[in-house]
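Hi,

Here is the structure I said I would pass on.

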Amino acid sequence: MGTLVSGDRTVLRRARKAGRRFLNPVPTVIGGLSTMFKVLPHYLMNKAETVPVRALGPFHTGVSMYDAAPASGLRVTWMGHSSMLMEIDGLRVLMDPMWDERASPMRWAGPKRFFAAPMRLEELPPVDVVLVSHDHYDHLGEATIRGLVRLASMREARWVTSLGVGELLRGFGVDAARISELDWTQSVSVCGVEITAVPSRHFSGRSLFNRFETLWSAFVFRGLKHRVYFGADSGWWEGFAEIGATYGPFDLTMLEIGAFDALWNAIHLGPDGAARAFEALGGKGLMMPIHWGLFDLALHAWRQPITAMLEIADERGIRLWAPEPGRPTEVVSGVEVRSDWWR
């Protein structure tokens with residue numbers, strides 16, 4: 001079931017609250033209706049290819065590959081955006097699962113997937129942990145959660161999430177006894193791998209009226225041989241350096257590069273911010289670009305995050321790990337992966 005432990009750091013400390021609302025680790029202004037009015041003219045005049053003009057994929061996962069453990073001990077299957085199936089030192093983790101057709105509270109409107117999920121939920125191998133970083137619709141899909149709880153492959157899974165998100169999961173059918181809600185710097189150990197929630201600079205809420213009422217987190221995985229940083233959603237802040245010094249070095253660092261804009265750069269990294277964060281985290285191992293290529297969540301062209309990231313990586317000597325969606329791919333020290341599926 002997992003053992004709960006905790007700790008405190010200088011910058012890495014428990015989340016603070018003002019009333020019912022969680023606070024970011026550094027002062028952060030989140031736009032409301034005023035930001036929407038600022039974005040609207042840009043949206044109406046935007047000529048970027050924010051949605052692919054031609055169908056992508058289909059992508060298919062060879063599920064028989066999961067019959068054998070990864071030789072390297074670390075293998076990741078990127079499902080698109082921030083959804084991944086990760087195998088690390090004997091632990092299998094489903095991260096921010098999002099199989100829903102739309103990242104939206106409505107089934108008939110909102111950002112729609114660019115391509116179908118590479119595998120059906122029913123094809124998933126048995127999972128030890130389902131991780132949900134925060135409650136935004138592009139990271140937590142109700143239909144996906146309700147589908148997962150019906151699967152035999154999920155019966156023994158531990159659900160790990162940020163403070164307050166457990167109520168949503170319970171409402172979608174997850175057994176309360178199987179949920180571990182973590183504050184920043186708290187950890188849970190599952191099958192010998194320690195999973196720690198660490199601060200990120202973002203926000204939460206599934207409407208304009210409940211923002212900040214649940215916590216948002218990045219996560220660190222520390223196994224016997226490998227360490228992985230899952231950044232989820234975050235803007236730049238100085239805490240990246242302390243996270244790297246405390247929990248690194250990382251074999252694989254997963255950082256968001258999509259859904260960025262100058263109007264909300266405090267809560268999203270974009271390619272430039274991701275490079276800066278990777279270097280602050282220690283700049284070791286491989287960097288995996290996530291949070292791109294599946295939903296139209298910003299004004300930039302849908303390919304722009306990855307094309308910019310490739311240029312920046314070449315300029316700064318960052319080794320990228322960017323596989324094709326749905327392909328189980330081993331992480332080997334020093335070996336880059338640069339799929340051009342998006343071309």
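Two rings of Phe, Tyr or Trp (for Trp, the six-membered ring) count as a pair here if their centres lie within 6.5 Å. With that in hand, ring pairs join Phe59, Trp78, Phe114, Phe115, Trp292, Trp302 and Trp341 into a cluster. Do keep in mind that this is a predicted model.

Aromatic rings

The count comes to 14 aromatic pairs. One of them is Trp184 with Trp216, an edge-to-face pair with 6.2 Å centre to centre and 75° between the planes. This pair links distant parts of the chain, with the two residues 32 apart. Trp184 is in the loop between strand S9 (179-182) and strand S10 (187-190), while Trp216 is in the loop between strand S11 (193-198) and strand S12 (218-222). Are these two tryptophans, Trp184 and Trp216, buried or exposed? Trp184 and Trp216 are both buried.

Phe203 and Phe212 make a tilted pair, at 6.3 Å centre to centre and with 45° between the planes. Phe203 is buried, and Phe212 is as well.

There are also charges sitting over rings. Arg276 lies over the face of Trp236, 3.8 Å from the ring centre. Lys17 does likewise with Phe22, at 4.6 Å from the ring centre.

Pockets and cavities

The second largest pocket has a volume of about 290 Å³. Its lining has 18 residues, and Asp100, Arg102, Ser104, Arg107 and Ala143 are the closest to the pocket's centre. By type, the lining of this pocket splits into nine nonpolar, three polar and six charged residues.

How many cavities of 30 Å³ or more are there? The count is two.

The largest cavity has a volume of about 120 Å³ and 17 lining residues. Nearest to the centre of this cavity are Ala259, Gly293, Phe295, Leu297 and His300. The lining of the largest cavity is made up of 10 nonpolar residues, six polar and one charged.

The second largest cavity holds about 30 Å³ of space. Pro249, Phe250, Thr253, Phe278, Leu281, Gly282, Gly283 and Lys284 line this cavity. That lining divides into four nonpolar residues, three polar and one charged.

Cheers

Note on methods: Residues are numbered from 1 along each chain as its sequence is written. This is a predicted model: local features need pLDDT of at least 70, side-chain atom pairs count only at pLDDT 80 or more; totals for chains, interfaces and linings use all residues. Side-chain values use heavy atoms; hydrogens and water are left out. On a 1 Å grid over the protein atoms alone, a cavity is a set of points where a 1.4 Å probe fits but cannot get out, and a pocket is an open set with protein on both sides within 12 Å along at least five of seven lines; lining residues have an atom within 4 Å of a point. Grid points are joined across faces, edges and corners, and a volume is the space filled by probe spheres set on the points. Ala, Val, Leu, Ile, Met, Phe, Trp, Tyr, Cys and Pro count as nonpolar, Asp, Glu, Lys and Arg as charged, and the others, Gly among them, as polar. Rings of Phe, Tyr and Trp (its six-membered ring) pair if their centres lie within 6.5 Å; planes under 30 degrees apart count as stacked, over 60 as edge-to-face and the rest as tilted. Helices (H or I, at least four residues) and strands (E, at least two) are DSSP runs, numbered from the N terminus. Buried means under 20% relative accessible area, exposed over 50%, partly exposed in between (1.4 Å probe, protein chains only). A charge sits over a ring if NZ of Lys or CZ of Arg is within 6 Å of the ring centre and within 35 degrees of the ring normal.
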